Amino acid sequence: MDATMVSEEDLVGMGLRVSVSATQTAFYILLVGMGILGNGTVIGVIGKSILMDRGRGRNSDVIIVNMALSNLLVSALRNSLLVISDLGLELYSSKEWCQFLMGVWVWLRSANVWSTLFLSAFHFQTLRRVAPTVGNIQGPKTLMLSLGLIWLLNFVYSIPAYVFSTSGDSNSTETLMLVSSTTRPLLGCVWNFRSSYNGLAYATTSMVIHETLPIILMAFTNIGSLYTLYTHGRVRSSVQDAPVIKRVPAERRAAKVILALIMLFIASWGTSIISVNYFNYNRGSSAEFLLVVARFANIIFIAMSPIVLAIGHRRLRSFMKSVLSH
């Protein structure tokens with residue numbers, strides 16, 4: 001059966017519509033603005049340093065810019081449209097536009113998760129080197145290939161989101177949104193799997209691959225980084241000239257920043273996972289509250305991560321000081 005011929009009663013994963021207060025809307029607009037402005041600043045400042053400075057630390061800066069870019073795209077192409085919808089503008093799209101937008105939203109959100117994990121994994125791999133060299137620890141081609149692979153694989157994963165989407169209407173209510181991007185139809189777009197089992201299978205796969213697994217890996221890589229720094233610190237006094245020992249103070253500072261980022265991500269992403277999946281499978285009297293919680297949890301990391309980076313990244317910190325002083 002073609003998706004355009006499916007009646008509203010057959011749409012998969014329908015739920016309830018949640019009203020948003022003026023205070024919640026104002027706070028959400030603030031967070032979206034912070035996400036766009038903050039991540040844009042990260043890309044501009046660190047991106048400029050990448051082009052001008054090809055010395056030590058360039059690889060980690062490239063990964064930070066990649067993460068900030070994914071944050072910016074999610075905020076600009078998804079969350080900003082939510083703001084427009086909240087302000088009272090009724091937005092509806094054709095089936096073709098819905099397919100395109102749903103595919104892009106899933107692609108960006110899943111790439112965002114794995115880009116964040118890549119930062120944590122890269123730092124862990126750096127610390128495990130017995131004697132890291134001054135300069136790039138791995139070639140720029142290898143790094144760019146790895147980042148390109150993240151975007152390519154997640155693009156392939158988003159293809160079902162493109163295929164199994166359609167346009168609803170003004171009566172369409174809350175619907176299951178995969179990869180925890182949101183829980184309501186935007187621009188009138190809704191999921192339309194031809195079988196509820198197919199929709200459940202895709203949602204379950206999404207939860208495992210793009211939600212549970214990355215969080216577990218982030219936790220392990222950060223614990224590994226902290227343990228590696230601890231072991232390096234214990235032998236500093238006996239091996240003062242080892243390159244890896246000399247880098248311990250700088251790497252410890254970097255580890256603290258990355259640990260703060262990952263903890264923020266886990267708290268934000270984990271809250272969204274719990275809220276969305278409780279709504280999808282349980283409902284009940286607390287469903288509306290959980291949808292509101294999930295909505296804000298999805299934006300917290302995007303909005304706050306530039307602030308964490310500004311505290312720990314030397315160039316960003318200098319830029320912010322110069323802006324505030326003027």
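Visitor: What makes the crossing of helix 1 and helix 2 left-handed or right-handed?
Guide: In this predicted model, the crossing of helix 1 and helix 2 is left-handed. A crossing receives that name if the near helix is turned anticlockwise from the far one by less than a right angle.

Visitor: Why are helix 1 and helix 2 described as roughly antiparallel?
Guide: The axes of helix 1, residues 22-52, and helix 2, residues 58-86, cross at roughly 150°. Angles over 145 degrees count as roughly antiparallel, and helix 1 and helix 2 therefore fall under that description. Their axes come within 8 Å.

Visitor: Which kinds of residue form the contact of helix 1 with helix 2?
Guide: The residues of this contact comprise 17 nonpolar, 10 polar and three charged.

Visitor: Why is I223 called exposed?
Guide: I223 has a relative accessible area of 57%. The term exposed applies over 50%, so I223 is exposed. I223 belongs to helix 5, which spans residues 196-234.

Visitor: What makes a group of residues a nonpolar core, and which residues have the most contacts inside the largest one?
Guide: Such a core consists of buried nonpolar residues joined through side-chain atoms within 4.5 Å. The largest has 33 residues, and those with the most contacts inside it are V42, I46, L119, L261, L309 and L316. Two or more residues each are given to this core by helix 1, helix 2, helix 3 (95-128), helix 4 (140-163), helix 5, helix 7 (248-281) and helix 8 (287-312). Helix 7 supplies the largest share, seven residues. A second, separate core has 15 residues, V32, V74, V83 and A303 among them.

Visitor: With which residues is I46 in contact, leaving aside its neighbours within four places in sequence?
Guide: I46 is in contact with D61, I64, V65, H313 and L316.

Visitor: How much of the chain counts as buried?
Guide: Of its 326 residues, 49% count as buried, the limit being under 20% relative accessible area.

Visitor: How many helices and strands does the chain have, and in what order do the elements run?
Guide: The chain has nine helices and two strands. From the N terminus on, the order is α-α-α-α-β-β-α-α-α-α-α. Among contacts between residues at least 6 apart in sequence, 83% join residues at least 24 apart.

Notes: Residues are numbered from 1 along each chain as its sequence is written. This is a predicted model: local features need pLDDT of at least 70, side-chain atom pairs count only at pLDDT 80 or more; totals for chains, interfaces and linings use all residues. Side-chain values use heavy atoms; hydrogens and water are left out. Axes are lines fitted to C-alpha atoms, for helices over the stretch in contact, and angles run from 0 to 180 degrees between N-to-C directions. Helices (H or I, at least four residues) and strands (E, at least two) are DSSP runs, numbered from the N terminus. Angles under 35 degrees count as roughly parallel, over 145 as roughly antiparallel, 65 to 115 as roughly perpendicular and the rest as oblique. Ala, Val, Leu, Ile, Met, Phe, Trp, Tyr, Cys and Pro count as nonpolar, Asp, Glu, Lys and Arg as charged, and the others, Gly among them, as polar. Buried means under 20% relative accessible area, exposed over 50%, partly exposed in between (1.4 Å probe, protein chains only). Contact means heavy atoms within 4.5 Å.
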